[in-house]
Amino acid sequence: MIILEDTRNQPGKHDKKNQYFSEHGIEVRRTKLYVGDYTLPTDQSVCVDTKKDILELSYDICGKSHVRFREECIRAQESKIKLIILVENTDGVKETRDLFRWVNPRSRIYINSDEVIGYWKNGNPRYKRVQKYPSATKGETLAKACLTMNLKYGVEFLFCRPEESGKRIMELLGVDVDGGE
């Protein structure tokens, strides 16, 4: 069994997937793909694009990479390629609607502002604490953006734990490597 992996996937950052592929006799050949990160050499009508976590997904959909990501979705749609975004996460998110409750970890980072709100017993100033990233993408915003991308471009968003990603990629590409286990 052979699977194609996009050359833009950084080596060494997909060890769990590669371990699964190796353990199941799946040869990974690196080549530049039109869309996504993984596909089959014999049928490229389905491509799987992996995200290492929900933060990466939020950067691609709601951040500076939005235009590039949208263009990839349009390329897939115009080429009649089913593009599936597989988001690895340990946040308990199992489907897009779970994103409505997701809390961006960046929104929980606080720093001292310049505003003095009092003094400690030792005389040092006490500063007001403020969010370091006040514009961090909210879960609700990300969920709505995913639903919109699905409706406009047919992109499907799926979620799994990192250790499940190799198996899920093969399932999504229509390959049963475990023999129905």
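## Basis of the model

In this predicted model, local features need pLDDT of at least 70 and side-chain atom pairs count only at pLDDT 80 or more, while totals for chains, interfaces and linings use all residues. Residues are numbered from 1 along each chain as its sequence is written, and side-chain values use heavy atoms, with hydrogens and water left out.

Helix α3, residues 66–78, contains E72; helices are DSSP runs (H or I) of at least four residues, numbered from the N terminus. E72 has a relative accessible area of 8% and is therefore buried (under 20% relative accessible area, 1.4 Å probe, protein chains only).

The backbone nitrogen of G36 lies 2.6 Å from the side chain of E72. Leaving aside neighbours within four places in sequence, E72 is in contact (heavy atoms within 4.5 Å) with V35, G36, D49 and L83.

## Aromatic pairs

There are 2 aromatic pairs in the structure (ring centres of Phe, Tyr or the six-membered ring of Trp within 6.5 Å; planes under 30 degrees apart are stacked, over 60 edge-to-face, the rest tilted). Y20 and F21 form an edge-to-face pair, with 6.3 Å centre to centre and 75 degrees between the planes.

Y20 and F21 are both buried. Ring pairs join Y20, F21 and Y38 in a cluster.

## Charges over rings

The charged end of R106 sits over the ring of Y133 at 3.6 Å from its centre, and that of R126 sits over the ring of W120 at 5.0 Å from its centre. This term requires NZ of Lys or CZ of Arg within 6 Å of the ring centre and within 35 degrees of the ring normal.

Conventions
Helices (H or I, at least four residues) and strands (E, at least two) are DSSP runs, numbered from the N terminus. Buried means under 20% relative accessible area, exposed over 50%, partly exposed in between (1.4 Å probe, protein chains only). A polar contact is a pair of N or O atoms within 3.5 Å; within protein, one must be able to donate a hydrogen and the other to accept it, and residues adjacent in sequence count only if both atoms are side-chain atoms.
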